[in-house]
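Student: Could you show me how to read some features of a protein model? I'd like the general idea each time, and then the case at hand.

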Amino acid sequence: MHRFKDMRPKTRSSFYSGFEAIPTFQFFALSNSRYFEWLTFPRRKARLCTKLLLILVTIGFAVVYLSPVLYFPLSRTRNDVGDAQLTCDIVSDAYSPAQSQGLVNTFASYKYFGEKCNISSLELHRPYEPICPNRTTMLTAMSSGGRIGRDAPYFPRDCGMRWYTTEEVCDILGRFSQVILVGDSMLRHVIGALNIIVRENLGYGGVTDWNFDTREMERCFCNDQFDVTDCSVQGIYKTEDVIKHDPLSLACPRLLPGWSTDLRMEQMVRYPIEKVELERLEAAMDARPGSRKAFILGHGLWNNLEIDKSKAWLDTVVKVIDSRLRLRMRLRTMRQGRNMPILLITPNAAGEKKPDEFIVTQGNKALVRFECTMALEAARQSIDHLGTWNMSIQANLYDGVHMDMRGNLLKAMMVLNWLNLLEE
């Protein structure tokens, strides 16, 4: 009789060999060693694979659950006034007692701080090491940082910024005869936040409260200094007005006798710039050669983020500054030296309440492109640049355009970090 050759495989070369012989519930019970004989791999290899899989799973869980502890080792503490807050336990050789001031709520001693205006500096920014060592790294870090959640504290990227006490703020501003802000409502809010700090007044520090009636005192309190249009337009444009109407509210002369910095705002919202606005800016500048000045500029939305008009606006303002201070255009690189540092601040991100008619021309895509383009233009003109898109995209934009008091206090502190790092 003819014998047919046995064509059945002599070895288990296929993973699926014998698969049908195993009930489904039994196949997955790999812990029982007797079922390994149905698999294609030898028992030892199967056991080795199982152990390796368990090790990888253990490592994965360790990375997921321990990484927040390793990178953000935060511990609960309480400050002297009893406010709960988070402090960073990051060890650094560069840590100094002055930097520890950032671990407390610097607003705790401000006028009107309390239940009705309970704003902590630690809600706005969490200090961490190392502090950015120079102006370039500081501006890059502040422009490209982020938040871990909506309205969470802001973290600059790669290195930290300082959160100064009022006395330190007065000392920084006191190095200059003038600090002049030029621009639109976003710059008006920045000077409002600076006035809150130098007046140590959370309730009405950014507005002309000395001429408020009862209704305005009720309506323009705390956050509403910025959120209510009728209140924000009554902002303080220059410290000269505070000295004239409410001199005792200024903390700087009390903390640093002889303090006399001219902190002011000149409003120029669109291009072409009106002649009277240019004349007012020129008249406001102290032309004495020995006086140290700093300029903060901001523009964009009033010209619908049109790059050509914004470049022309910037060029016009800089030429007025150059002309008034008698600096020749070929010496423009001197601008970063002793007499004339300039910082350009580009607009906030767009919020959910941004009017629909501006979504295309002033939406977040257009704002990001505008910030990048104007950063290049600022570099071309030897001007520093601070981007605010990152710091505002997850913040409260009460009308879809402007930040509330918290956001503007953060922005003001960024400006102060820039001022502090300017060369003597």
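**Aromatic pairs**

Tutor: Let's start with rings: there are six aromatic pairs here, where rings of Phe, Tyr and Trp (its six-membered ring) pair if their centres lie within 6.5 Å, and planes under 30 degrees apart count as stacked, over 60 as edge-to-face and the rest as tilted. Keep in mind that this is a predicted model, where local features need pLDDT of at least 70, side-chain atom pairs count only at pLDDT 80 or more, and totals for chains, interfaces and linings use all residues. Residues are numbered from 1 along each chain as its sequence is written, and side-chain values use heavy atoms, with hydrogens and water left out.

Student: How do I read the pair of tyrosine 112 and phenylalanine 221: what are the distance of the centres and the angle of the planes?

Tutor: In general, a pair of aromatic rings is described by the distance of the centres and the angle of the planes. For tyrosine 112 and phenylalanine 221, the centres are 5.6 Å apart and the planes sit at 80 degrees, so this pair is edge-to-face. The pair links distant parts of the chain, 109 residues apart: tyrosine 112 is in the loop between β2 (84–88) and α3 (135–143), and phenylalanine 221 is in the loop between α6 (214–219) and α7 (224–227). Helices (H or I, at least four residues) and strands (E, at least two) are DSSP runs, numbered from the N terminus.

Student: Is phenylalanine 221 buried or exposed?

Tutor: Buried means under 20% relative accessible area, exposed over 50%, and partly exposed in between (1.4 Å probe, protein chains only). Phenylalanine 221 has 18%, so it counts as buried, while tyrosine 112 is partly exposed at 36%. There's also an aromatic cluster, formed by Phe107, Tyr110 and Trp163.

Student: What is isoleucine 172 in contact with, leaving aside its neighbours within four places in sequence?

Tutor: Contact means heavy atoms within 4.5 Å. With those neighbours left aside, isoleucine 172 touches Tyr164, Leu416, Leu419 and Asn420. Take leucine 416: it is 244 residues from isoleucine 172 in sequence, yet the two are 7.2 Å apart in space, C-alpha to C-alpha. Isoleucine 172 belongs to helix α4 (residues 166–173), and its relative accessible area is 1%, so it is buried.

Student: Which strands are joined to β5 by bridges?

Tutor: Two strands pair if DSSP finds at least two bridges between them. Six bridges join β5 to β6 (residues 262–267), and these two run parallel. Another five join β5 to β7 (residues 293–298), also parallel. Isoleucine 180 has arginine 264 as its bridge partner in β6, and valine 179 has alanine 294 in β7. As for cover, six of the six residues in β5 (residues 178–183) are buried.

Student: How many salt bridges are there?

Tutor: Side chains of opposite charge can pair when their charged atoms come close. The rule for a salt bridge is a side-chain nitrogen of Lys or Arg within 4 Å of a carboxyl oxygen of Asp or Glu, and the count comes to 17. One of them joins aspartate 230 and arginine 219 (3.3 Å, N to O). Aspartate 230 lies in helix α8 (residues 229–232) and arginine 219 in helix α6, so the pair ties together parts that are 11 residues apart in sequence.

Student: And what about aspartate 286 and arginine 288?

Tutor: Their side chains form a salt bridge at 2.6 Å, N to O. Aspartate 286 is buried at 18%, whereas arginine 288 is exposed at 54%. Elsewhere, salt bridges with shared partners join Glu240, Asp262, Arg264, Glu266 and Arg280 into one network.
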